[in-house]
Amino acid sequence: MSDEFIALSVPNLKGNELKYVTDAVETEWVSTAGPYVSDFEKKLAEYVHVPAAVSTQNGTSALHISLMLCGVTREDAVIVPTLTFIAAVNPTKYIGAEPIFMDCDDSLCMDPVKLKKFCEEECDFTDGKLIDRATGRHVKAMVVVHVFGNMADMEAILPIAEKYNIRVVEDATEALGTYYTEGKFAGRFAGTFGDFGCYSFNGNKIITTGGGGMIVAKNPEELAHAKHLTTQAKADQANFIHDEIGFNYRMTNLQAALGLAQLEQLEDFIKTKTANYNQYKEAIDKIDGLHVQDFRPGTRSNYWFYSVVFENDETGRDALIEELKENHIQSRPIWGLISDQLPYEGARTYDLVKAPWYWKRVVNVPCSTNLTSEGVDRVISVIRNFMS
Ligand SMILES: *Cc1c(COP(=O)(O)O)cnc(C)c1O
């Protein structure tokens, strides 16, 4: 069997990337103005079936702007997951607000049952404001992450947000291409349910611009405001008049040239991801003590990341990662809980049970769109030998 290195998740740039980027260089449109930026915004919006989108430098800045436009201030609190990448949580602190860390369910996304219980039992709802009794803070927004491309339970989460007047930022950075196929939301894409939806095109995401992001929004005026804030809040561009504290968060034409070429291939990438997922799932679910985590029924997932779960045992995780590494295969544990990290010491948490359980038991295995079926077989055979 080949001994070639298998990476966890790397870019796949075999389409029109070089052609479009070369064009951007040759036409000397390399910065934040240029036709690829608006073209990529338009095509991305079309892809997720919304009227418009606004590009950003990365997913983190998309989340930052979105939370600001939810009206979150330093007096407020924001409900966030603890089992996620830290970029979903940091923007709350950029604003100076405080996070409330919520548990996940078996989808690895926010648990709507606990969310509801928290609102009912820990908070008072008066004058249209949900107040966390323990801190006196107004719970103004929540960040819902579609973990590893799996749709969070929007059917359950949205009515809770509505009832308690909590604004919703969807962190769809991992879930571009995931949509409901059944139920009342059939045809609706991850990122298009909340007040704001954020995407990322970092190097390991399903499509990449090197680094980049995108915002979509329910309210077109708020989306226009997002664009204003990402471009230094220019009120009168010619005369350098600014009417707010803005940011330099806009994507460059070079990035967007890559993005456009990547978007053309997104559906093919998802096909490969799906086939590889099914191959892993079929084999690994037969191994005693392991399974591959499911994606939500009634959705078409983008199958971004695959999670192998140790069902009975928390000692296997690091040993398997080590074993894979010795076989030149890159893997990783799921994220350390954000509420356990140094910058969040002492932060408000609510009934965290499943998140710590999964944290100790998940190994993410290679999922690049360059990964061949033979590659998947090699990973499976290392895992099988490890478990026998
Ligand atoms: C990648 C990611 C982000 C941040 O995106 P960047 O483009 O890297 O800034 C935010 N949240 C989650 C869940 C992510 O996986």
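Strand β1 (residues 54-56) and β10 pair in the antiparallel sense, joined by three bridges; two strands count as paired if DSSP finds at least two bridges between them. Strands here are DSSP runs (E, at least two residues), numbered from the N terminus. This is a predicted model, in which local features need pLDDT of at least 70, side-chain atom pairs count only at pLDDT 80 or more, and totals for chains, interfaces and linings use all residues. Residues are numbered from 1 along each chain as its sequence is written, and side-chain values use heavy atoms, with hydrogens and water left out.

**Around β10**

- β10 (residues 213-217) is mostly covered, with five of its five residues buried; buried means under 20% relative accessible area, exposed over 50% and partly exposed in between, using a 1.4 Å probe and protein chains only.
- G213, I215 and A217 point one way from the strand, while M214 and V216 point the other way.

**The four-stranded sheet**

- An open sheet has the strand order β13-β15-β18-β16, with antiparallel pairing.
- Two bridges link β16 to β18 (residues 362-365), and R332 has N364 as its bridge partner in β18.

- You will find S339 in the loop between β16 (332-333) and β17 (348-349).
- S339 counts as buried because its relative accessibility is 11%.
- Its side chain makes a polar contact with the side chain of T82 at 2.7 Å; such a contact is a pair of N or O atoms within 3.5 Å, and within protein one must be able to donate a hydrogen and the other to accept it, while residues adjacent in sequence count only if both atoms are side-chain atoms.
- Beyond its neighbours within four places in sequence, S339 is in contact (heavy atoms within 4.5 Å) with residues including F101 and Y344.

**Aromatic rings**

- The whole structure holds 22 aromatic pairs; rings of Phe, Tyr and Trp (its six-membered ring) pair if their centres lie within 6.5 Å, with planes under 30 degrees apart counted as stacked, over 60 as edge-to-face and the rest as tilted.
- F101 and Y344 are edge-to-face because their planes lie at 85°, with ring centres 5.6 Å apart.
- This pair links distant parts of the chain, 243 residues apart, with F101 in strand β3 (residues 98-102).
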